[in-house]
Each structure stands twice: as C-alpha cells, then as structure tokens.
Amino acid sequence: MAHLINNPAIDQGDALLVYFAGHGSTIPAPKGWYGGVSPENRDVQVICPYDHDTKQFGKRVAGISDRSMLALLNELARVKGNNITFIADCCFSPPKAKSLDRKFTRSTPTIKCKPDDLYYGLWSGARGVPNVNRDGFYAWNCGTHVFLSACRPDGIACEGKNGGKFTNSFLEAALELSLHRTSYNLLLDHILRDFRSEDEQRPLCVGKHNSHIVFDGVPFSIDPKFILVDFANSSQPCLDVGAVHGIAKGSELSLHFHNHFGSRNPVIGTLIVSKVEATKCFGHVKAPIPYCPKLCWAKIVRWNNRRPFRVHLKKSLTSLCSWWKLRRSLPTVAGGPASIGGLNVIRVKNSKEANITMTIGHDDITVITKEQPANQAQLISRIRDRGPANVIDDAARFNLHLSRQNPEGPLNGLIHMELFRMNHTSWSPIGENLLRNGKAVITFEEGAIFKVVIRNDSPYDLWPYLFFMDPASFSITKVYDPESSPQNFAPLLRGRQLSIGTGRPGSEALSFQLGHDSSHHSGYLKLFLTSNPVPFSIIEQGHPSEYSFFYDREFSRSPCILTGQVWDTLSGFLKFMEG
C-alpha cells in the first residue's frame, strides 16, 4: 500500500486500476464484525491469495475481506483521489447448477479458517472503524471507487483454457470501444453481450460514479501527432500543417474520428496532399468515405521526403540474424516501402554515402552520425531499449527536421539567434554571446542556466518555435512555444527582439546535463519561424536523455489560416566541453 500512497509518480486524480483474478470465498462473520448490529450470522466475502486457508505464525490466513479492501481503497482515495477502478474476476459462491464443475468456477470453499481469523488479517486502516457495509465487495453507493465484478453477489465466475470468461470479454470490449467516450455502464453493456440473461454468470458494475467515463478519461489524453482536418470544402480538405512542418506534395495521411491515446481509433480513409503552402496544405481523399465528418483527424503515414535517408549497416557477430533481417527489409533504391514512421529510407553500401552507420549489438545499438554543419567529426551514440527499425525511423525524422530550410530564404540574414549564460541570482547575462556563426562551444558547468535572444530585422511580425535536438538519442524537445503565451499577437515583432530564458512565465531558462552513453556532448537549437501561429507538436519525438529544460507547456490547435504566409528556419550547433 505504501508504494501507492507514498509514490510521487502518482498524482491526485490519476487513474488507478486494482485488478484481481483468482478465487473468492466466504467465511462466517465473527462476533462483533458488524458492531453488534444484526445480522451477525451472515457470511463475509473474501478474495483468496495464494496462501489462503494455510497456517501462518499460529493463525490461519483468511484471505482479504471486503472490509479490509474497502478500508484500503478509502485510504488510497483520500490521498490520491477517487479515480480508482477495482476489477475482480472471481466469485464468492459455489455453482448452483449441478452441470457446472467447481474446477471451472472461480470460488473455493474455506475449510480450516475460523471466523476469528478474519480479525488477524484485517487491514490496519479498518481496525477500530465501525463496519457499516452490509453488501460485501458490492458497495452500491461507494464514492471511493468503481467496482467491476465478474458476477453478481450470488452468481458465479467461470474460467476456461484462456482464463476467466469475464476478463476475456473485458479485454475484447476495451479493443472494440473508443474508451475516451465510454462510461462504465456502457462498457458493462458491451461485456454483457457475451453472457446470456439466464446464465449464472452476469457481470456487474457498482459504485456512485459508474456513469463516469472509464478511468475518468485520464489515460486517454490528446495525441499531439494528430492533425486537424477541415472538410468544410469537401473537394479539397484543409490541414493545419505545411512546408514548415516538412509536408510535401504526395505526403500521405490516415484519417481518424478522434485524436486520443489508448482509445480505439480505426482508419476511416486516406488523404493525399495535392497542394502545399507555408503553414497549411490541401489534399484529396484516396477513396470515398462512407461517413465523413466535417472535422476529423489525420496522422502522417508517409512524409514523401524527396531525398531518402541513407543507412549503412555494419555486421556484428553478436547479432548476425538481426542484421540480416534488417538488411533485407531496407530498400536499396528510392521509391520503396516507407519506414514505420512514413519516411523514405534506403540502405547504402558505403559509410561515406550514409547519414548514419548502425551496428546492432547484444543489448544496444551503436549509431555513428556526422556533425552538422561541419559534417566532419563523427558522433557515436549507444541506444538501448529501442528496436533497430525504430532507431532508424527516429534518426530519419530527426534529420528531416534538422536539415529543413526554406529554399527561397525569405528571412535569410534577417533573423539572428544568440545564446547567453545567465546569473542564477540576478538573471542577468554573464559574458558575451556564445553562439557565433551558427556554432557555440560551451564549457560545461553543472546547473548552469542560459537564455536565447532572437532578433528580428525582417519586415514581418513573427511567431518563433524553438526546439532542442539531441543527436545522442534523436529526441526533439520543444523549448519555446508562443502558442502558450498569454498574448494573441506575434511575440517577435519586426525590428524587436525576444528573450527566452528570462525566468518569467512562458520564458523559462535552459539547463543542460551531460550524459554518459555517448562519445560526444552536443546538440542543436532549431528555430522555426512563421508569420502566423501554427501547431508544432508533430515535430517532437522521444524523451530527452541528456538535456533538461525548465519548461512545461500545454498545446492548443489553431484553425486553418489564410494563404500568403512566410516561413523559414535557423539552426545553432552547441558543443559542450567538460571543464
């Protein structure tokens, strides 16, 4: 219990799931169990742990009683909130029908335990507290949690070769329903389709909040990789992404009804981009959609990057099989199947032609890239907990966004980015600008903070989006997002400058930490500039492994905007030297 109540990773209101699959039983209530209130002669429901009915320290293990479990959940709810779901695939009564073999039901008789053994196993939080519950685990009006049971109080729970019938029905329903808009009651209705009304097993859902969305919708957060699609003009649907995001003519996107994580979201169609502008694009649906809403969501399945990302594979004695399978899966000429992330990737024979050289080891993957913009020094990274195909995809998408420039260069020489080390106390710059000619060499100091200054000498009011790109893990992390700023006007006005890292809300300082799994300590500041606000979360990827930022921002989407917009990019290479 302590690992739940005292766990800092669990916030108030987080979704907590308590799941039990096994056997239940009943034991006659001991004297005083219900505080002397009649009836004292009723049975107590218990769930049976592995050592149920055995002797421990001179006492019999009487299982976990409903009184103990409800007290435990009440204690947890007081600290972490009442977004708790308790699922029990068990029953407390033997089958009534003689045709049902007891070995196929999830109840077991308690033979040796005495009623007073229930007090021995009582949860500490339940001791000295009046037991007012008369419904066992089925506390009908309980506000601390929602209880999903495999059966009614006097029913049975069946099992077969594939486990509990209720658990199988629950998992199937979770895959078939869009859970972000499904209540517990609707979930139960779907589960009940697998059970006949005359069956002894009829699942049940009780609790004051059984009409709420499953898990209060907490796990089904917004997936920022989805893009809003406007079908107001059904002949040419509009998307709020464009050339600045890396979209190209021929890019392919799958269409979906919603944009939530963890909730069933089948593909309802495919959209091909036919026209690309600075910050938006238009497309056509590949095949007619039976039902197409005015607004839906899209996910990129093929970027259609013109220049393929080139990979050189090195053999390794420890993983020849993995090397061979990966080698066969990568095309050697452009135009082949896209990578898992929708990028054009090809395999090359020579490391000099490659963007990355990759060696698959026993428990990690070694990746060699080349420093940009110098393109000479080799950067060696060792990546764990990622499959080879995922590493290639991350590296290809990293390269796509890092190398992106507007070929017309409308802001070339008109935007300047500077980097300053900051004083912790006064929040004033220490020394001169560190970023010169697109490169900064920084002597590392633990806990040092920095700010970025962007100067705008162009004739446009601009919206800047700043990212830190880590070549050691291929992660891309948002550092500054003007969408989160309180003002509704462009934060980088013409002829003015913008400071990121002043310590004020929306302008948090940058802080770097050196990692230990690479032969280098470097990264890139990548600045995207547009003349209107646009969503940029589709660019983010991975989790920063070496660098951290005092930055935490929500993201909001904007509708499709007008034509005639300006975009451009600016990059800065950061090299960290250990002091």
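Colleague: Quick one to start. Is Asn304 buried or exposed?

Modeller: Buried. This is a predicted model, and in it Asn304 has a relative accessible area of 18%. The cut-off for buried is under 20%, so Asn304 falls on the buried side.

Colleague: Where is Asn304 in the chain?

Modeller: In a loop. Asn304 lies between strand 17 (295-302) and strand 18 (309-314).

Colleague: And what is the phi of Asn304?

Modeller: Positive, at about 65°, although Asn304 is not a glycine. Most residues other than glycine have a negative phi.

Colleague: What about Phe57? What is its phi?

Modeller: Phi of Phe57 is near 55°. That is a positive value, again in a residue other than glycine. Phe57 also sits in a loop, the one between strand 4 (55-56) and strand 5 (59-60).

Colleague: Is Phe57 buried or exposed?

Modeller: Exposed. Phe57 has 77% relative accessibility.

Colleague: New topic. How many residues does the largest nonpolar core have?

Modeller: The count is 56 residues. Leu239 and Leu255 have the most contacts inside this core. Helix 7 (residues 388-402) gives the largest share, 7 residues.

Colleague: Which residues does the second core include?

Modeller: Phe20, Ile84, Phe147 and Leu179 are among them. That core is separate and has 44 residues. As background, nonpolar side chains tend to be buried together in soluble globular proteins.

Colleague: Let's do sheets. In what order do the 3 strands of the open sheet come?

Modeller: The order is 2-3-6, and the pairing is antiparallel.

Colleague: Which strands stand at the edges?

Modeller: Strand 2 (23-28) and strand 6 (64-65). Each has a single partner strand, so one side of each is left without a neighbour in the sheet.

Colleague: How many bridges are there between strand 2 and strand 3?

Modeller: Strand 2 pairs with strand 3 (residues 43-48) over 6 bridges, in the antiparallel sense. To find one spot, look at Gly24, which stands opposite Ile47 in strand 3.

Colleague: Now strand 26. How many of its 8 residues are buried?

Modeller: In strand 26 (residues 449-456), 7 of the 8 are buried, so the strand is largely enclosed by the rest of the structure.

Colleague: Which residue of strand 26 is the bridge partner of His416?

Modeller: Arg455. Strand 23 (residues 415-422) and strand 26 are joined by 8 bridges and run antiparallel.

Colleague: What joins strand 26 to strand 29?

Modeller: There are 4 bridges between strand 26 and strand 29 (residues 497-500), also antiparallel. Ile454 has Leu498 as its bridge partner in strand 29.

Colleague: And how many bridges join strand 26 to strand 30?

Modeller: Strand 30 (residues 510-512) is joined to strand 26 by 2 bridges, and the two run antiparallel. Here Ile449 stands opposite Ser511.

Colleague: Last topic. How many disulfides does the structure hold?

Modeller: The count is 0.

Colleague: Which cysteine sulfur is nearest to that of Cys91?

Modeller: The sulfur of Cys151, 5.0 Å away.

Colleague: Are Cys91 and Cys151 buried or exposed?

Modeller: Cys91 is buried, with a relative accessible area of 0%. Cys151 counts as buried as well, at 0% relative accessibility.

How values were computed
Residues are numbered from 1 along each chain as its sequence is written. This is a predicted model: local features need pLDDT of at least 70, side-chain atom pairs count only at pLDDT 80 or more; totals for chains, interfaces and linings use all residues. Side-chain values use heavy atoms; hydrogens and water are left out. A nonpolar core is a set of buried Ala, Val, Leu, Ile, Met, Phe, Trp, Tyr and Cys residues joined through side-chain atoms within 4.5 Å. Buried means under 20% relative accessible area, exposed over 50%, partly exposed in between (1.4 Å probe, protein chains only). Two strands pair if DSSP finds at least two bridges between them. A disulfide is a pair of cysteine sulfur atoms within 2.5 Å.
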